[in-house]
Amino acid sequence: MPRVVSLFLPRWPTDRFRRKSGDAAPPPETPLVLVGRDGRRRVVLAADAAAHAAGLRIGMPGSKAQALVPGLIVHDAEPEADVDALERLALWALRRYAPIAAADPPDGIVIDTTGADHLHGGEAAMLGEMVQRLAAARITARAAVADSWGAAHALARFGGRTTIVVSSIETAQAIPPLPIAALRLPASTVDNLRRLGFETIADLAGTPRASLALRFGPEPGRRLDQALARVSEPIEPIRPEEIVEVRRNFAEPIGAAETIARYTGKLVAELCAELETRGQGARRLDLLFFRVDNRIEAIRVGTATPVRDVKRLTRLLTDKIETIDPGFGIEQMRLAATVAEPLRAKQMISSLAEVPEPDVSDVIDILANRVGEDRLYRFAPVQSDVPERSVQRVAPMAPDTGEGWPGHWPRPSRLLPRPEPIETVALLPDHPPVTFTWRGVRRRVKRADGPERVFGEWWKRDAELAAVRDYFQVEDENGERYWVYRAGDGEDAATGLHKWFMHGIFG
């Protein structure tokens with residue numbers, strides 16, 4: 001079953017206005033409305049949370065709103081600009097989350113995340129990240145994921161929670177209790193249904209289709225079937241003009257894996273030829289399969305560096321063909337480089353004596369597309385004397401900054417995620433421990449070296465102004481070497497707790 005995410009932006013026009021205005025935007029506690037024309041009247045088209053709390057509602061005359069709330073901030077609505085900004089937001093979702101994303105006017109985005117959620121830590125983590133990133137951009141959002149566009153749309157707007165994950169089994173139980181307005185029906189149809197006593201989707205589902213169609217046409221039944229995933233509803237992905245895309249239509253639908261792989265190779269060759277004319281290489285490819293039943297299947301692959309090698313890109317795509325369900329056949333294939341970057345010229349080997357520079361980017365691409373690019377990283381040094389701050393995670397192919405770890409003091413090959421407390425017997429203030437107990441095992445120290453004194457980074461916070469650690473390298477009777485430290489200088493209580501901790505293991 002497909003998995004569709006609906007992002008609902010409940011205060012999209014006002015949030016967009018505040019974001020566009022930047023530092024000049026009015027304070028959040030100040031009521032703000034956007035007004036526009038409804039025929040000959042000027043009415044409220046959007047209101048923020050403060051305006052709603054003050055009793056203002058969408059559709060209210062603008063003059064009445066100003067009379068009810070002194071100091072109300074009123075601006076003209078910009079519907080076309082709202083739609084353009086919504087499409088830019090959909091493009092952001094396309095590039096970051098899944099190959100199928102589109103604007104869902106007037107206040108949402110729809111994303112088909114089938115097979116892509118594991119790259120973001122699962123569906124719940126993915127929705128949480130979406131909402132948090134939008135909140136950081138001062139955009140209020142709610143998100144839901146379900147088996148259909150209609151179900152996700154309804155739950156995001158009427159589910160009552162910021163993020164909602166509904167499994168395939170739960171969809172049939174989650175949709176009926178919602179109000180009929182959740183079915184994306186015209187406002188006039190919703191009003192007429194309510195006059196007849198219909199309040200929830202369950203009321204509508206229990207009514208014979210013939211009588212509904214006779215009075216309201218086929219739309220209520222169609223929307224109900226879409227919400228319950230009985231019929232498919234294709235999502236036409238957004239495609240800006242600058243994206244390089246090639247496509248292939250088939251007179252007869254195809255479905256065999258070998259045939260799909262063959263045409264994938266042809267599309268990759270066409271795409272690489274177009275990228276070559278632009279001097280670019282692909283960083284992310286989206287291959288879409290349009291089935292005869294209006295369903296869209298998709299494959300997304302990424303690369304660590306810009307790539308324009310036909311064989312390499314074809315292999316990455318064909319490795320995922322087994323995840324595609326062709327259904328009754330595929331009538332169109334589209335391949336797009338949704339992320340492309342300039343491809344710099346590379347110096348070739350000029351003599352037999354030169355040793356080629358090793359290139360592991362191909363292996364990194366294969367692993368990243370299987371487990372997720374966020375799970376692959378390498379360690380890079382950071383200028384800090386505090387051990388746990390002297391290392392950071394960077395992308396596997398990130399350029400070398402030239403930084404290095406200091407070599408005058410050896411460091412353990414394994415640094416614990418966080419220091420663990422140990423029990424010791426030691427002479428203060430400058431002596432290493434004679435014995436220590438770590439994880440329930442008591443060890444006697446045979447050799448030790450130190451102390452190496454590390455001071456806190458006082459410019460980060462006041463608590464580190466006097467903080468001190470004394471590190472020792474110790475070796476037990478079995479020849480195992482450890483890196484331990486005492487918090488404090490052994491004399492002044494202001495420098496630390498004078499407790500001992502295990503921080504790393506040598507070898």
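The lining of the second largest pocket divides into 13 nonpolar, six polar and 11 charged residues. Here Ala, Val, Leu, Ile, Met, Phe, Trp, Tyr, Cys and Pro count as nonpolar, Asp, Glu, Lys and Arg as charged, and the others, Gly among them, as polar.

Before going on, the source. This is a predicted model, in which local features need pLDDT of at least 70 and side-chain atom pairs count only at pLDDT 80 or more, while totals for chains, interfaces and linings use all residues. Residues are numbered from 1 along each chain as its sequence is written, and side-chain values use heavy atoms, with hydrogens and water left out.

Back to the pocket. About 650 Å³ of space lies in it. A pocket, on a 1 Å grid over the protein atoms alone, is an open set of points where a 1.4 Å probe fits, with protein on both sides within 12 Å along at least five of seven lines; lining residues have an atom within 4 Å of a point. Points are joined across faces, edges and corners, and the volume is the space filled by probe spheres set on the points. Of the 30 lining residues, R283, R284, T303, E373 and D374 are the closest to the centre. Which elements supply at least two residues each? They are α4, β10 (280–291), β11 (296–307), β12 (330–342) and α14 (361–371), and β11 gives the most, with six. Helices (H or I, at least four residues) and strands (E, at least two) are DSSP runs, numbered from the N terminus.

Strand β12 also holds T338. T338 is buried, at a relative accessible area of 2%; buried means under 20%, exposed over 50%, partly exposed in between, with a 1.4 Å probe and protein chains only. Neighbours within four places in sequence aside, T338 is in contact (heavy atoms within 4.5 Å) with L94, R95, R239, I243, R284, D286 and R300. One of these, R284, was named above among the residues closest to the pocket centre.

Next, the cores. A nonpolar core is a set of buried Ala, Val, Leu, Ile, Met, Phe, Trp, Tyr and Cys residues joined through side-chain atoms within 4.5 Å. The largest has 29 residues, of which L7, L9, I109, I111 and M130 touch the most other members. Two or more residues come from each of β1 (4–8), α4 (79–96), β6 (108–112), α5 (123–136) and β7 (142–146), with α4 giving the most, seven. A second, separate core has 27 residues, including F250, I254, I260 and I324. As for M130, its contacts beyond four places in sequence are V5, L7, Y97 and I111.

Now helix α8, residues 187–195. T189, V190 and L193 are buried there. Why are they on the same side of α8? Because they cover an arc of only 100° around the axis, taken from the directions from the helix axis to the C-beta atoms. A187 and R195, on the other side, are exposed. The cover over the buried residues includes α9 (201–205), α10 (209–216) and α11 (219–227). After α8 comes G197, with a positive phi near 100°.

Last, two single residues. V69 sits in the loop between α3 (62–68) and β4 (73–76) and is buried, at 10%. Beyond four places in sequence, V69 touches P31, A54 and L56. T435, in strand β16 (residues 433–438), is buried at 6%.
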